[in-house]
Amino acid sequence: MQCEICGRKSEGNFCELHKAAYDNLLKNYEAWKKSMKVSWKEYLTHIKVNEFSGLWVKEVAQHLLASDSSKQQGVQKAELDK
Amino acid sequence: MLCEKPSTAERIAKALDENGKPQKKETDRVPYYETFRVGKRLIVVAALGHLYTVAPKVTDRNVYPVFEFDWVPRYTAERDARDTKKWVEVITNLSKGAQEYILATDYDIEGATLGYTILKYACGEKDKEAKRMKFSTLTTEELRKSYDELFEHIEFPTIEAGVCRHFLDAMYGINLSRAMTVAAKQYSGKYLTLSTGRVQGPTLKFLVDREKKINTFVPIPFWAIKTSVEINGQVFEVEYEKAKMQSREEAEAVINACLGKKGKISKMEVKKFHQNPPVPFDLGALQAEAYSFFKYTPRRTSDVAERLYLEALISYPRTSSQKLPPTINSRAILELLANEPKYTSLAHQLLSEKKLVPNEGKREDSAHPSIYPTGILPSKALGDPERKLWDLIVRRFMAVFSKPALKQSSKVTITVDGYSFFLHGKQVLEEGWMVFYKPFIRAEDVILPPLEKGQEIAFKEVVVEDKFTKPPVRYNPSSLLKKMEDEGIGTKATRAGIIDTLYTRGYVGGERASISELGLDVTNILERYCPEVVSISFTREMEKNMEEIQNEKEKKDVVIAKATIRLEPVLTEMKKHQETMGQELTEAAKKAQMQQRVVGSCLQCGTGKLVIVYSRRTGKRFLGCTGFFKGQCKVSFPLPQTGTVKPVSKDCGVCGWPMIQYQTKGKRPWVFCVRPDCPSKEARR
């Protein structure tokens, strides 16, 4: 399989690098939700433009925002439920 | 007498000649000197750095693994070393009939190895009978002393370690680089310059690991309070007791409690402490300081220091020592430095002391003391980098002999409604060593006015600041060198060069060493198929082994055998995955090549990228949008047809289109907007 973002070899939707960025996005959402009271979509929008966000994190955020929102919400919820 | 470089040969010949006028001779444009000392006729000849190199017996670049290596003349193995042939021939001829052989190359692992190979292979096995000159400066006095007290033998344990290093580096570098290039060539049919090595791989891995942390970083919001107070008309910044707050409400509660109120000083702490002078410069510390003040890369500092050494202005710079032994005669050096007007009063201050005791560091180097000025003043005006570095070394040398500075730090606690704020002051009470080290001091005083407990303080500003956690910073060449030093990989002589190689290979770019896609992909591929290659533990173990060889606790052949055993399965594994590795490496290289052509985003279509394109029909270059290939965008811009054009990752401040850098030979680079009708070009029209 190929990474949906960069085309590198991958085992899932994302390559190892974008997967690490995606995992970090999931991991830190709780902190954002608690302090900023933002929805997942708002969170991604903030991350996409934040000057300190990593490049791959921004790419994942952009990709998730651009892809089907219901699908990504489902993925996100499933990940958080774990 | 064999020296390392022509300039050293000239200096040594001059120093040793009874009249200070050696006769310069030349054969085939290779200079050497005839000099007379105590009735002896000395022929002083220089090498041109290494004249021999370790090369595999199998020269076909498509064959690996190769484990049989030999010393061969460099001109037979390296295309750009053809010039060294005549040097080998001249040295061979001059050595015939000599009654005595003296090695006067740099007294370190490379100098000894270089001399050993020439004595052994060019002079006909004269390594065992050669005597050795040891010196740390090129001053006449030291060179003469060194000649009078020749060592009976060259330093064989050091040479064993040096030879071992050369064999290991060749074995790893050649096999791994061949494995990579062969894999890529078999897949694509094209030759790609890809390399890795025993130290290069782990060094690149440091950068990749840091890059991964930066690129996967998710900033977390927090709130801080920015506060300032006004005392006697002066404004001071104060810090709230809690640097980070997890919610805006928490921060606003503090603000509300403080607004319109005055704080009271509840506690005052004043500490006086001594700050010792800095320790003498080893090469790493000099490189760090030169980067910090002059932004010189470690390689540049090393080169400039080498030039100062060859001019006899400083001692041998490739040292890891932080010691200044009494034998260097610091007092005599200061007396000489006092002849330079800008150091006169400082040097006299130190000379008025009865005893000169340096504040030494812990690191030792059996071969050389730390870097110090010889006291000799420049006979001609120095270039800017040499002048700056020499000044830094002279001032550091004086500073290490001076007294500690006396400093005072104060912390005043201001309380409002149970919330505490801290006002910090710092002041130098007695400058001590700082007087000598100016202008290379960064500390700034914050002098507080007289204050007392219970005093009321008015807040000038209390505001909430929205902040985010920040990613770790990228390495710069200096901090990367420090990391290599701390991790114990490479040597003081090789580290700067390895960092340079990472840049020239295109793995790393920019002042803040940022990893290119190629560097990232190459490391990921190596990590996947042969993690040993980028493993720091393996490299560190090898460095330790080599140190043990130098200390005569380990044998060279044992270390090489151990390394071979570890490398063999790695190469077998690489061969097994040759095809997939080749495909991945080729794609990575293609992507990197493409990246070098991308100038920036196309503002017309918003989705395409502007790339440098060469017309198949005319061969001319221009900028075109990648959207053209999808039939979405037809934007194109002309480019100059001569000189080099490079992307600069910068957008025009006036129109927002990307900018490019254009340079023709001998001219300064010119950065301009890609749009021919951009208003920023109005002034040039």
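Predicted model: local features only at pLDDT ≥ 70, side-chain atom pairs only at ≥ 80, totals over all residues.
Modeller: Residues are numbered from 1 along each chain as its sequence is written, while chains are lettered from A and ligands numbered from 1 in the order in which they are written.

Biologist: What makes up the secondary structure of chain A?

Modeller: Chain A has four helices and zero strands, in the order α-α-α-α from the N terminus. Helices are DSSP runs of H or I with at least four residues, and strands are runs of E with at least two, numbered from the N terminus.

Biologist: How many of the 82 residues in chain A are buried?

Modeller: The buried share is 29%. A residue is buried if 20 or more other C-beta atoms lie within 10 Å of its own, exposed if 12 or fewer, and partly exposed in between, with C-beta atoms placed from the backbone.

Biologist: Why is helix 6 of chain B called roughly parallel to helix 19 of chain B?

Modeller: The axes of helix 6 (residues 156-188) and helix 19 (residues 556-576) of chain B come within 10 Å and cross at roughly 5 degrees. Axes are lines fitted to C-alpha atoms, for helices over the stretch in contact, and angles run from 0 to 180 degrees between N-to-C directions. Angles under 35 degrees count as roughly parallel, over 145 as roughly antiparallel, 65 to 115 as roughly perpendicular and the rest as oblique. Therefore helix 6 of chain B is roughly parallel to helix 19 of chain B.

Biologist: Which residues make that contact?

Modeller: Among them are Phe167(B) and Met171(B) of helix 6 of chain B, and Leu567(B) and Leu571(B) of helix 19 of chain B. Two residues are in contact if their C-beta atoms, placed from the backbone, lie within 7 Å.

Biologist: What puts the buried residues of helix 3 of chain B on the same side?

Modeller: Thr84(B), Trp87(B), Val88(B), Val90(B) and Ile91(B) are buried in helix 3 of chain B. They cover an arc of only 165 degrees around the axis, so they lie on the same side of helix 3 of chain B. The arc is that of the directions from the helix axis to the C-beta atoms.

Biologist: What do these buried residues of helix 3 of chain B pack against?

Modeller: Their partners in chain B include strand 3 (30-37), strand 4 (40-46) and helix 4 (109-122). Just after helix 3 of chain B, Gly97(B) has a positive phi of about 85 degrees.
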